[in-house]
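I opened this notebook to keep track of what I look up in a structure that is new to me. I went place by place, and I wrote down what I found at each one.

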Amino acid sequence: MKKIIFSIAILLSASAILNGQPIQYPITKTVEQTDNYFGTQINDPYRWLENDTSEETKAWVKEENSVTHEYLSKIPFKDKIRSRLTELWNYPKYGAPHKIGEWFVFSKNDGLQNQSVLYVQKGLNGAPEVLLDPNKLSSDGTVALQATAFSKKQKYFAYAVAASGSDWQEIYVMNFATKQLLKDKIEYVKFTDMSWSGDDGFYYNGYDKPADEKTKYSAKTEYQKVFYHKIGTSQNEDRLIYQDKEHPLRYVWAGLTEDQRFLVLSISEGTDGAEIKVKDLHDENARDFTTIISGFKTNAGVIDNVGSRILLHTNNEAPNFKVVLLDPAHPEPSNWKTIIPEQKETLDGVRTGGGKLFANYLKDANTLINQYSYSGKLERKIALPGVGTAAGFGCKKEDSFFFYTFTSFTYPVTIFKYDIATGKSTLFRKSEVKFNPEDYETKQVAYPSKDGTKVPMFITYKKGLKLNGNNPTLLYAYGGFNINLTPAFSVSNMVFLENGGVYCQANLRGGGEYGESWHKAGMLDKKQNVFDDLIAAAEYLIKEKYTNPERLAIRGGSNGGLLTGACLTQRPDLYKVAIVQVGVLDMLRYHKFTVGWGWAVEYGSSDKKEQFDYLVKYSPLHNIKKSTCYPATLITTADHDDRVVPAHSFKFAATLQPAQGCNNPVLIRIDNKAGHGGGKPTSKLIDEAADIWSFVFYNMGVKL
């Protein structure tokens, strides 16, 4: 039974003052909704906001956005920030070229184009030609290019696109020579690549058509399957390759090895753990897949095959990962041959090229690249341009060189050409950003968390910084899903740095920077360690006189939104500003929407009592206390976010606004025709960055 209870007064919040005028928050109705979790009654008065397609929710979104935009528009220096962001953003951005047959393929954005354009050129000296311009796929730049794949002899080019930031994608096929689209079109796919078998067709993973188009951005997504699409046929003729009718909540990915001998399936019950199956397509008697890694207790991935054997990247009995060679006919670990043994640094990934293995290690969240033979002989430690992040090592077996990128906090993405035989890197293309990197410096510190664990943090600032305890400081982190936060250049962050800001990036437990043990120390019932790590980082920055609580902001997105939400509710006194972006904020119901079920291996589920008991203790939505002074909070989400549905942010904002006990604003910014963040057009990125930095500076009392 649900009984609607209407608020009896408009919220004239003391928490909402700009230019001396109180902000009038919208009236948000409540409903009588109580859930029983193992004898514990949990109220959910804003449950109605989970229906993101209802007219009532749309009206609420419109009113909240009106309040937020009114507030932000009155910040006196917002236009100045937006102008500088536009100036900084306006430089050519190139992707590293990769070789496809006689052609090189690369992306380029002239500067302010909403989406990067895909180019091809014949040889390194050929004239670039536009292959695909996503900007022409929509009038507002909200259709973005996702996965791409050329057929074996480059007869066809397949590509996936997503609209308005959604995870839902559509696949199209182009005749590469004529650039004409074929009639082939595949709908209702997510998280897919296209793996070509010759020039005849490709494997992909997809879903059945959603039962209700209206709820496809919020309804639970189940039963992912693998299909084979033959060129020139319709989608309903696609051959079903793999399905699991008994386990609807599993991901499955399919791909061929480079020589197209093995079809590989990587299956998971969520975002951690993998089961690997392979089929030898050279074996005419092979009717089914062979399981070479069973269960989901370890993480593994196929690197390549060596004849009939499989080269595997695995953390089985190796928390920092290793590389092994196995025979699919005898896949037991006791029969494995170690090719690259586990080392003290985390082996983040391995790619192939020119008959070599390129191992990407992380040392204190910085990239190290080693080149090995297929037998595991270390041939060289590759010299990189500096301390930072390198990516793109790899190419086809027959190639002798490739291009990679390097970046760091004040080092814009730069492209280098790497010669495999000599190990020499040469500059190929550098970015021309309108700022002087020599004016800034970065250092890495290790601070103690609550339990004494040393946690690394990068701190970037203008040279000559005075440790006077009064610098505007932003602390960014993620801490989850085995994801690494490594140094990277951000145009947006430059506005903060050049106005005296200190940008800090902490590598919290839950990430993968120090292997699986670091990850496990911040997941499930140990998730509180992650929040403790961020709180300790804030305390360190204050203690070391970088800043003080009135000049400190925290920021995170997605799982990082959960992080900022939990930390602002646990230690609201420690920061002046909190930016909570597309956050997982209702830890009791997250698994009921779209692909949220896949995160239960990371978080746990309220369906299990022992996991409910710890989830409810930190769930941001359920730990807001009335009349508490919370930081100035800007919550951001989007109408097409079908990764972390906007209901998380809606309910969090609706709960936090009336609970605020001081003059700090609580606002929610709900973007239109946008999603979780991927594929967001440049114009929207600049708008969002201008709003965020204006909000941060204004609420810190910094005048620009």
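This is a predicted model: local features need pLDDT of at least 70, side-chain atom pairs count only at pLDDT 80 or more; totals for chains, interfaces and linings use all residues.

**Entry 1**

**Entry 2: a covered helix**

I moved on to helix α3, which spans residues 491-498, and asked how many of its residues are buried. I found that eight of its eight residues are buried, so that the helix is mostly covered, by the definition of under 20% relative accessible area. Among them are Val491, Met494, Phe496 and Leu497, and also Asn493 and Glu498.

What do the buried residues of α3 pack against? I found both helices of my first entry in the answer, α2 (78-89) and α10 (682-700), together with the strands β36 (440-448), β37 (454-462), β38 (473-476) and β39 (502-506).

Just after α3 I noted Gly500, which takes a positive phi of about 90°.

**Entry 3: Leu541**

I looked up Leu541 and placed it in helix α5, residues 528-543. Leu541 has a relative accessible area of 0% and is therefore buried. Leaving out residues up to four places away in sequence, I found that Leu541 touches Met457, Ile459, Thr473, Leu475, Cys504, Tyr546, Thr547 and Leu552. I also noted the spacing to Tyr447, which is 94 residues apart from Leu541 along the chain, with 9.5 Å separating their C-alpha atoms.

**Entry 4: Ser151**

Is Ser151 buried or exposed? I found it in the loop between β12 (143-150) and β13 (156-163), and with a relative accessible area of 2% it counts as buried. I then traced its side chain: a polar contact of 2.6 Å joins it to the side chain of Asp199, and a polar atom of the Ser151 side chain lies 2.9 Å from the backbone nitrogen of Tyr156.

**Entry 5: Arg380**

I placed Arg380 in strand β31, residues 378-382. Since buried means under 20%, Arg380, at 21% relative accessibility, counts as partly exposed. I followed the side chain of Arg380 to two backbone oxygens, that of Ile420 at 3.1 Å and that of Ala421 at 3.3 Å. The residues touched by Arg380 also include Ile369, Asn370, Gln371 and Tyr418. For spacing, I noted that Phe358 is 22 residues apart from Arg380 in sequence and 9.9 Å apart in space, C-alpha to C-alpha.

**Entry 6: loops and positive phi values**

I ended with the loop between β17 (201-206) and β18 (225-230), where Tyr223 has its place. The phi of Tyr223 is near 60°, which is a positive value in a residue other than glycine, and Tyr223 is partly exposed at a relative accessible area of 35%. Thr221 belongs to the loop between β17 and β18 as well, but at 4% relative accessibility Thr221 counts as buried. Among the residues Thr221 touches I listed Trp168, Tyr207, Leu249 and Trp597.

Another positive phi in a residue other than glycine, near 65°, turned up at Ser627. I found Ser627 in the loop between α8 (609-618) and β42 (632-638), where at 64% relative accessibility it counts as exposed.

Terms used:
Residues are numbered from 1 along each chain as its sequence is written. Side-chain values use heavy atoms; hydrogens and water are left out. Helices (H or I, at least four residues) and strands (E, at least two) are DSSP runs, numbered from the N terminus. Buried means under 20% relative accessible area, exposed over 50%, partly exposed in between (1.4 Å probe, protein chains only). Contact means heavy atoms within 4.5 Å. A polar contact is a pair of N or O atoms within 3.5 Å; within protein, one must be able to donate a hydrogen and the other to accept it, and residues adjacent in sequence count only if both atoms are side-chain atoms.
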